[in-house]
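Subject: Structure handover and notes

Dear colleague,

Please find below the structure I promised to pass on, with my notes following it. I have kept the cut-offs beside the terms they belong to.

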Amino acid sequence: MSNSELATSYAALILADDGVEVTPDKLQTLFKAANIVDVESIWTTLFAKALEGKNVKDMLLNVGSGGGAAAAPTGGAGGGATEAATEEVKEEKKEEEKEESDEDMGFGLFD
């Protein structure tokens with residue numbers, strides 16, 4: 001990340017923290033106040049357009065919260081289906097164990 005990008009990111013976070021809308025003019029004002037002169041105006045425009053209409057605080061709070069996990073199967077009339085699924089899982093584990101036993105015979109990729 002270049003210094004221009006980093007400075008623009010920090011300036012956008014400062015504006016968002018104060019509850020001020022992120023605009024290119026306001027970002028440039030912060031740069032002038034901090035005596036940062038080497039930031040191209042393209043960065044302020046890009047960041048302002050990217051953050052337009054978005055709540056930066058909410059974006060920061062929701063970093064890493066992806067989609068939900070798959071729902072766990074519930075009990076009830078579908079009991080036979082879950083038993084079949086668990087049998088399949090057991091069979092897959094047995095197959096994996098067979099594959100692992102080949103490694104125990106002393107045959108390795110780098111022997």
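Asn3 is exposed, because its relative accessible area is 60% and exposed means over 50%, whereas buried means under 20% and partly exposed lies in between (1.4 Å probe, protein chains only). Asn3 has its place in helix α1, and its C-alpha atom is separated by 8.6 Å from that of Asp38, 35 residues apart along the chain.

On conventions, this is a predicted model, in which local features need pLDDT of at least 70 and side-chain atom pairs count only at pLDDT 80 or more, while totals for chains, interfaces and linings use all residues. Residues are numbered from 1 along each chain as its sequence is written, and side-chain values use heavy atoms, with hydrogens and water left out.

As to the overall fold, the chain has five helices and zero strands, in the pattern α-α-α-α-α when read along the sequence; helices (H or I, at least four residues) and strands (E, at least two) are DSSP runs, numbered from the N terminus. Of the 111 residues of the chain, 15% count as buried. The chain exposes about 9,000 Å², of which carbon and sulfur atoms supply 55%, the areas coming from the Shrake-Rupley method with a 1.4 Å probe, where for residues only the protein chains shown count as cover. Among contacts (heavy atoms within 4.5 Å) in the chain with a separation of 6 or more, 48% are accounted for by residues 24 or more positions apart.

The largest nonpolar core has eleven residues in all, namely Ala7, Ala11, Ala12, Leu15, Ala16, Val22, Leu27, Phe31, Val39, Leu51 and Val56; such a core is a set of buried Ala, Val, Leu, Ile, Met, Phe, Trp, Tyr and Cys residues joined through side-chain atoms within 4.5 Å. Helices α1 (3–17) and α2 (24–33) each supply at least two residues of this core, and the largest share, five residues, comes from α1.

These two helices, α1 and α2, pack at an angle of about 110° with their axes 10 Å apart, where axes are lines fitted to C-alpha atoms, for helices over the stretch in contact, and angles run from 0 to 180 degrees between N-to-C directions. That makes α1 roughly perpendicular to α2, since angles of 65 to 115 degrees count as such, those under 35 as roughly parallel, those over 145 as roughly antiparallel and the rest as oblique. The contact is made by Ala7, Thr8, Ala11, Ala12, Ile14 and Leu15 of α1 together with Lys26, Leu27, Leu30 and Phe31 of α2. Leaving aside neighbours within four places in sequence, Phe31 is in contact with Ala7, Thr8, Ala11, Ile36, Val39 and Thr44.

Ile36 and Ser4 are 32 residues apart in sequence and 9.2 Å apart in space, C-alpha to C-alpha. Asn35, found in the loop between α2 and α3, counts as exposed at 67% relative accessibility, and its phi is near 60°, a positive value in a residue other than glycine. Most residues other than glycine have a negative phi.

Finally, Ser9 has its place in helix α1 and counts as buried because its relative accessibility is 17%. Not counting residues up to four places away in sequence, Ser9 touches Met1 and Phe47.

With best regards
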